[in-house]
Amino acid sequence: LNAGPGAVGGAFIHERYHQYPPVNRFAGWWGYDKSTRFLMEKGFKPIETAEGWQLSTPSPILYACLRASLEVFQEAGWKNLQIRREKLNDWAWYLLEDLQKEKGRSVMNYLTPVREKGCQISIRFDRNGKEIFEALGEKRIMTDWREPGVIRIAPVPLYNSYEDVWHFYSTLKEML
C-alpha cells in the first residue's frame with residue numbers, strides 16, 4: 001500500500017507453520033509465549049499460533065497513517081486501482097519499448113519481464129545510468145536507483161497520471 005520502510009506490515013501464516021521449527025523467522029517480543037514472556041529467559045519460545053510471528057509494537061503514529069491510507073484506498077476502490085494500474089503499466093511499456101527500438105538494446109534493457117502487470121519496471125543502463133537517474137531527479141521525476149546501473153520506475157495508479165508517464169518517457173528520450 002506504498003507505506004515504505006518502517007511501516008506497519010502483515011503477512012498470512014498458514015496454520016501448518018505455526019508450530020514448525022524448521023522455518024526460519026524473526027523472534028519478536030510480541031510473538032513470545034505470554035506465560036513466560038516476562039521471565040526474560042534465554043531463547044525464543046513462540047506462541048503456538050499466528051500470533052507467535054509478531055515482532056514488535058509499531059508506533060501509534062504509524063497506525064494512524066496506515067488507517068488514513070486504507071481509507072484512501074477504500075474510497076478509490078481496489079478494482080478501479082487494478083484497472084488503472086494495468087492501463088498505466090501498458091502505457092509505460094508501450095512508450096519504453098518504442099524508446100528501446102529507437103535507441104537500441106545497447107543503451108537500455110529491461111530486468112522486469114515485458115508486460116508484467118505490477119507497478120514497478122526496472123531498466124538497466126549499461127552506461128551513464130547514475131547520471132540519468134540524477135538528471136531525472138533534477139527534473140522532479142522520482143525514480144529509484146539500484147547498482148549496477150538500474151533505474152526503477154513505478155507508475156502507481158493512486159497518484160500517477162498518464163501525463164506523468166509521458167513526462168518520464170519524453171524526458172528520458174531527450175536525455176538519451
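In helix α3, which spans residues 129-138, the buried residues are G129, I132 and L136. Keep in mind that this is a predicted model.

**Exercise 1.** Work out how the buried residues of α3 are arranged around its axis, and what they pack against.

*Solution.* Start by looking down the axis of α3: the buried residues fall within an arc of 60°, so they line one face of the helix. Next, check what those buried residues pack against: you'll find β2 (121-125), β3 (144-146), β4 (150-153) and α4 (162-175).

**Exercise 2.** Find out how helices α2 and α4 are oriented relative to each other.

*Solution.* Take the angle first: α2 (residues 78-103) and α4 pack at about 15°, with their axes 10 Å apart. Angles under 35 degrees count as roughly parallel, so α2 and α4 are roughly parallel to each other. Their crossing is right-handed. Now for the contact itself: among the residues making it are W91, L95 and L99 of α2, along with W166, F168 and Y169 of α4. Sorted by type, the residues of this contact come to 12 nonpolar, no polar and six charged.

Note on methods:
Residues numbered from 1 in each chain as written. Predicted model: local features only at pLDDT ≥ 70, side-chain atom pairs only at ≥ 80, totals over all residues. Heavy atoms only, no water. Buried < 20%, exposed > 50% of the residue type's maximum accessible area, 1.4 Å probe, protein only. Helix = DSSP H or I, 4+ residues; strand = E, 2+ residues; numbered from the N terminus. Arc of directions from axis to C-beta. Contact = heavy atoms within 4.5 Å. Axes fitted to C-alpha atoms, helices over the stretch in contact; angles between N-to-C directions. Parallel < 35°, antiparallel > 145°, perpendicular 65-115°, else oblique. Left-handed = near helix turned anticlockwise from the far one by under 90°. Nonpolar A, V, L, I, M, F, W, Y, C, P; charged D, E, K, R; others polar.
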